[in-house]
Amino acid sequence: MTTFKNSQGLTLSVVFMRIFIGWHFLYEGVIKAYNPEWTSKGYLASAEGWFQGFFQWLSTDGLVGTVDTLNIVVLLFVGFTLVLGVLEKPGAIAGILLLFMYYLAHPAFPGMNPGVAEGSYWIINKNLIELAALAVLFHAPTGSVFGLDRLFKARSNELKTSES
């Protein structure tokens, strides 16, 4: 079995992946937050698969406003944590859960409506690919390489040195 060495190239690649995924989440959250017409109602109401009833329940008038707000908050949280390189593990977990919910609402199974999709998929779609990338980020956080975590650690080390 081949093992990966902790090379600078691999680390830099993971840093870029973190920032790019974070930007994607952040952009989606900002766009939704600033568009008063946006709602998840259509996406949820058109859900298919095993959890169709659950997602259609979430699209009811009494719940959809709360669901929309939570969706935006999670998108922004994940985006900020990944772009800034702080709280990456909680951000990755939140992103994984959100993407899994998106996938369950419109699973990429043959004969099912893929919802709003670019192209057609068979079992694996962009949600699962980005979910897998977030799993990598969970196990290999890079904020200590490039991000606020690095600044916080440097500041903490300065304080420890000055106290000694």
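Is Glu28 buried, partly exposed or exposed? Glu28 is partly exposed, because its relative accessible area is 23%; buried means under 20%, exposed over 50%, and partly exposed in between, with a 1.4 Å probe and protein chains only.

The model is predicted, so local features need pLDDT of at least 70 and side-chain atom pairs count only at pLDDT 80 or more, while totals for chains, interfaces and linings use all residues. Residues are numbered from 1 along each chain as its sequence is written, and side-chain values use heavy atoms, with hydrogens and water left out.

The protein chain has 7 helices and 0 strands. Helices (H or I, at least four residues) and strands (E, at least two) are DSSP runs, numbered from the N terminus. Of the 164 residues in the chain, 31% are buried.

Next comes the interior. In soluble globular proteins, nonpolar side chains tend to be buried together. A nonpolar core is a set of buried Ala, Val, Leu, Ile, Met, Phe, Trp, Tyr and Cys residues joined through side-chain atoms within 4.5 Å. The largest one here has 13 residues, and those with the most contacts inside it include Ile21, Phe25, Leu82 and Leu134. Helices α1 (8–33), α4 (61–84), α5 (88–105) and α6 (126–139) each supply at least two residues of this core. Its largest share, 4 residues, comes from α6. Apart from this core lies another, of 7 residues, among them Phe55 and Val67.

Leu82 is in contact (heavy atoms within 4.5 Å) with Arg18, Glu88 and Leu134, among others, leaving aside its neighbours within four places in sequence.

Charged residues pair as well. The structure holds 3 salt bridges, each a side-chain nitrogen of Lys or Arg within 4 Å of a carboxyl oxygen of Asp or Glu. In one of them, the side chains of Glu88 and Arg18 meet at 3.9 Å, N to O. Glu88 lies in helix α5 and Arg18 in helix α1, so this pair ties together parts that are 70 residues apart in sequence. Glu88 is buried at 3% relative accessibility, and Arg18 is buried at 0%.

Glu28 forms a salt bridge with Lys32, with the closest N and O atoms 2.8 Å apart. Both lie in helix α1, 4 residues apart, about one turn of the helix. Lys32 counts as buried because its relative accessibility is 14%. Lys32 also touches Trp38, Asn71, Ile72 and Leu75, not counting residues up to four places away in sequence.
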